[in-house]
Amino acid sequence: MLTDIEIAQNAEMKPIQEIADGLSIDATDVEYYGHYKAKLSEALYQKLEDEPDGKLILVTAINPTPAGEGKTTVSVGLADALRQIGKKSVLALREPSLGPVFGIKGGAAGGGYAQVVPMEDINLHFTGDMHAITAANNLLCAMLDNHMQQGNVLRIDQRRVMIKRVLDMNDRALRNIVIGLGGKVDGIPRSDGFQITVASEVMAILCLASDLEDLKERLGKILVAYDLDGNPIYAKDLQAQGAMTALLKDAIKPNLVQTLEHTPALIHGGPFANIAHGCNSLRATKLALKLGDYCVTEAGFGSDLGAEKFFDIKCRCGGLHPDCVVLVATVRALKYNGGVPKTELTTENLDALKQGIVNLQVHIENMQKYGVPVVVAINRFASDTKAELDFVQKFCENLGAEFALTEVFAKGGAGGKLLAEKVCKTIETKPSKFHMMYDTNWFVKEKIEKIAKEIYRADGVTYTVQAEKALAQIEALGCDKLPICVAKTQYSLSDDAAKLGKPEHFTITVRDVTLSNGAGFIVVLTGNIMTMPGLPKAPAAQKIDCDKNGEITGLF
């Protein structure tokens with residue numbers, strides 16, 4: 001079989017205006033970035049304001065494993081399959097970050113014959129959104145340091161600067177640095193550090209803002225530092241929000257591309273789910289709901305991270321009402337959760353499957369707690385046996401979840417027809433009774449404990465001294481009535497990546513808490529999660545190349 005990039009490079013794409021025409025989007029609302037990608041204008045929102053919303057389908061997954069689950073691949077394949085059974089579907093996904101592309105995870109454009117294209121563009125610079133977010137964030141940091149250099153009228157305490165610079169690359173050497181060295185004209189020396197761009201509050205703000213005016217207001221609310229008396233300093237105090245908005249005026253517009261089967265795809269925004277809120281932009285999702293009868297979107301990593309934040313942050317912020325959850329798993333991943341080494345996952349092992357399927361059980365039950373019907377999508381591999389698949393199907397049905405096999409990686413939309421039919425039938429026969437997990441008016445610790453006990457199945461939560469101090473500060477600012485965004489390992493329901501399956505008798509340790517005031521949520525840092533990842537020993541970048549004709553190889 002061809003590699004993902006070879007399949008993508010051999011695809012016959014339609015000019016992007018043809019994709020827009022299929023959605024009845026006028027050419028005046030399409031801003032071209034070459035032949036096959038475009039941004040959609042601000043005016044399009046007003047034109048579609050009174051159109052009814054389509055059905056909202058969230059694709060999520062079990063905790064990720066080295067065996068692979070294929071959540072984005074299923075999202076793309078499901079959107080294609082819905083078109084194949086006569087439904088008007090629109091896909092809404094996150095933009096890939098360069099960090100994983102050159103690191104260990106690879107890109108985020110799907111795989112096999114269920115991809116979005118142009119694959120290389122989407123995984124690399126795309127339309128420049130990531131760069132604009134990076135620039136806006138770092139402009140704010142530069143203005144902060146410049147203010148301290150130029151007299152410090154606001155009396156900013158250089159020991160209590162909250163904002164960090166960002167870079168859309170995995171670079172552990174930048175986690176903790178000292179800036180301002182050299183001499184008097186080189187700035188005020190202080191400790192600083194970088195986050196990856198997708199962990200930036202500016203990214204979160206872009207993904208939750210309703211329009212440019214809302215974007216500017218949210219940017220102005222970013223907590224950047226405290227003064228020498230302990231009073232908060234916001235971006236608006238530095239008069240930074242106007243220039244930041246200018247840098248983001250195009251980045252806020254959703255990007256239109258297509259799948260290999262020419263299904264329209266809106267790809268916009270890309271916060272990670274393990275360190276941020278893990279969902280594509282609210283604007284793209286809302287636009288997809290207006291443009292299609294079915295919007296297929298995804299949330300990052302397992303449902304304990306991405307889906308929880310999709311429901312409790314994104315849906316709360318945007319007034320969204322999901323109609324169905326598609327929960328992706330593989331037999332291989334479930335056996336891995338049951339203790340089978342990666343090298344032995346292709347051998348039938350019902351005992352290990354029975355041990356590991358408890359991870360799937362937790363994710364099904366968690367999604368049902370939100371009142372949304374669940375369809376389990378098993379990404380089928382050739383090594384899966386009938387006995388294994390039959391066991392998983394019966395297990396899911398006993399929990400009240402629908403079940404469907406998918407082969408979209410190998411067959412594209414045709415391999416997802418059964419899943420598409422099950423999703424449509426579920427939406428028709430099991431109306432969603434969606435509700436949030438918690439009330440934002442609760443105390444912060446109550447909200448954290450609710451997530452920890454209900455979603456992670458922890459016995460309780462403990463806090464470091466630093467976390468307690470940070471919580472007290474947030475409460476003193478009157479910002480405690482906000483949703484919670486937990487930064488946690490994606491590999492386990494607990495905060496320990498080594499605990500697979502369904503961990504028991506554990507507590508979640510909160511080591512720090514930060515305020516994303518502009519985004520409108522409280523970030524809870526658990527375990528040893530890092531907001532600036534590092535590259536692996538053998539990064540994917542070593543295998544990526546570009547020849548004299550500009551042909552890229554090695555991208556996946």
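# Questions about a predicted model

Biologist: Which helix and strands do the buried residues of helix H18 pack against?

Modeller: Helices (H or I, at least four residues) and strands (E, at least two) are DSSP runs numbered from the N terminus. Buried means under 20% relative accessible area, exposed over 50% and partly exposed in between, with a 1.4 Å probe and protein chains only, while contact means heavy atoms within 4.5 Å. On those terms, the buried residues of H18 pack against helix H4 (71-84) and strands S3 (55-61), S16 (294-298), S17 (324-329), S18 (374-379) and S19 (402-406).

Biologist: Good start! What pLDDT do local features need here?

Modeller: Residues are numbered from 1 along each chain as its sequence is written, and side-chain values use heavy atoms, with hydrogens and water left out. This is a predicted model, where totals for chains, interfaces and linings use all residues, side-chain atom pairs count only at pLDDT 80 or more, and local features need pLDDT of at least 70.

Biologist: How far apart are the end C-alpha atoms of H18?

Modeller: The expected span of a helix is 1.5 Å times one less than its number of residues. For the 13 residues of H18 (417-429) that gives 18 Å. The model agrees, since the end C-alpha atoms are separated by 18 Å.

Biologist: Within what arc do the buried residues of H18 fall?

Modeller: Those residues are Leu419, Ala420, Val423, Cys424, Thr426 and Ile427. The arc is that of the directions from the helix axis to the C-beta atoms. Seen down the axis of H18, the buried residues line one face, because they fall within an arc of 160°.

Biologist: And which residues of H18 are exposed on the other side?

Modeller: An α-helix has 3.6 residues a turn, so residues three or four places apart point the same way. On the other side of H18, the exposed residues are Lys425, Glu428 and Thr429.

Biologist: What about H20: which helix and strands do its buried residues pack against?

Modeller: H20 (residues 465-476) should span 16 Å, and its end C-alpha atoms are 17 Å apart, which agrees. Ala467, Ala470, Leu471 and Ile474 are buried in H20, and they line one face of the helix because they fall within an arc of 100°. The face turned away from them carries exposed Val465, Lys469 and Ala476. The buried residues of H20 pack against helix H19 (444-454) and strands S20 (460-463), S22 (507-516) and S23 (521-526).

Biologist: Which helices are included in what covers the buried residues of H10?

Modeller: In H10 (residues 241-248), the buried residues are Gln241, Met244, Thr245 and Leu248. They fall within an arc of 100° seen down the axis, so they line one face of H10. Their cover includes helices H7 (129-149), H8 (201-208) and H9 (212-220).

Biologist: Zooming out, what is the radius of gyration of the protein chain?

Modeller: The chain has 20 helices and 25 strands. The radius of gyration is taken over C-alpha atoms, and the globule rule is 2.2 Å times the number of residues to the power 0.38. For 556 residues that rule gives 24 Å, so the chain is as compact as a globular protein of that length, with a radius of gyration of 23 Å.

Biologist: What share of the residues in the protein chain is buried?

Modeller: The C-alpha trace spans about 70 × 55 × 50 Å along its principal axes. Among contacts between residues at least 6 apart in sequence, 74% join residues at least 24 apart. Of the 556 residues, the buried share is 59%.

Biologist: Which residues touch the most other members of the largest nonpolar core?

Modeller: A nonpolar core is a set of buried Ala, Val, Leu, Ile, Met, Phe, Trp, Tyr and Cys residues joined through side-chain atoms within 4.5 Å. The largest has 85 residues, and those touching the most other members are Phe311, Leu360, Val392 and Ile484.

Biologist: Last one: how far apart are the C-alpha atoms of Val486 and His277?

Modeller: Val486 is found in strand S21 (residues 484-487) and is buried, with a relative accessible area of 3%. Among the residues it touches are Ala273, Asn274 and Leu305. Val486 and His277 are 209 residues apart along the chain, yet their C-alpha atoms are separated by 8.2 Å.
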